[in-house]
Amino acid sequence: MRNFEQVRDVLDHGKALHDQIRDYYETLKKQADHSEIPLKMALDYLSRHEDEQKEMLERFEENARSAILNTWLQFAPSDRVEGLLASAATRPGMSVDEVVQIACAFDDALVTLYKEAAAEMDDPKARNVFNNLAEASEKEKQRIVRDTQQMLHEI
């Protein structure tokens, strides 16, 4: 774990995590049987979700003042996402519900990452950045659950 990190580094790490999560969903999709259409649809949706979240972080980074991006954290936030990725099974025959539970666990870990980063910030503007990211991740988790449930009812 790094002891000192800037806001920019945490955002870059978040983008890399979204790429890794998307790759996980893509691996699951490749392993899915051709008959598992609902699962493949959910995995497509989740992959797009990760791309959108990464793009949101990129837009934020492009539009943020460099003073905020260069603000230092005394301690790097813990990273539960990488642990979840390492332990997440990519086995054939997973249900949509299992995949949605994993997606929610990833989002919960990202919320924790952002909340811990916010707690490390002395600068109120930088703290707001991470509080807003945590709030956005919470809303995205709720959207994932709602949208996948709706998708399953429409099939």
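**Figure 1. Contacts across the chain of the predicted model.** Among contacts in the protein between residues at least 6 apart in sequence, 83% join residues at least 24 apart, where contact means heavy atoms within 4.5 Å. The structure is a predicted model, in which local features need pLDDT of at least 70 and side-chain atom pairs count only at pLDDT 80 or more, while totals for chains, interfaces and linings use all residues. Residues are numbered from 1 along each chain as its sequence is written, and side-chain values use heavy atoms, with hydrogens and water left out.

**Figure 2. Order of helices and strands.** Six helices and two strands make up the protein's elements; these are DSSP runs numbered from the N terminus, helices being H or I with at least four residues and strands E with at least two. Along the sequence they follow the pattern β-α-α-α-β-α-α-α. The radius of gyration is 16 Å, close to the 15 Å that the globule rule gives for 155 residues, so the protein is as compact as a globular protein of that length. This radius is taken over C-alpha atoms, and the globule rule is 2.2 Å times the number of residues to the power 0.38. Along its principal axes, the C-alpha trace spans about 50 × 30 × 20 Å.

**Figure 3. Helix α2 and its packing partners.** Helix α2 covers residues 37-63 and has 27 residues. From its first C-alpha to its last it reaches 39 Å, close to the 39 Å expected at 1.5 Å a residue; the expected span is 1.5 Å times one less than the number of residues. Its buried residues include L39, L43, Y45, H49 and L57. Buried means under 20% relative accessible area, exposed over 50%, and partly exposed in between (1.4 Å probe, protein chains only). The buried residues of α2 pack against α1 (7-31), α3 (66-69), α5 (96-119) and α6 (124-154). Of the 155 residues of the protein, 45% count as buried.

Figure 4. T148 is found in helix α6. At 1% relative accessibility, this residue counts as buried. Apart from neighbours within four places in sequence, T148 is in contact with Y45 and V100. Y45 is itself one of the buried residues of α2.

Figure 5. Strand β1 (residues 5-6) contains E5. E5 is buried, with a relative accessible area of 3%. Not counting residues up to four places away in sequence, E5 touches V10, T71, W72, L73, A76 and P77.
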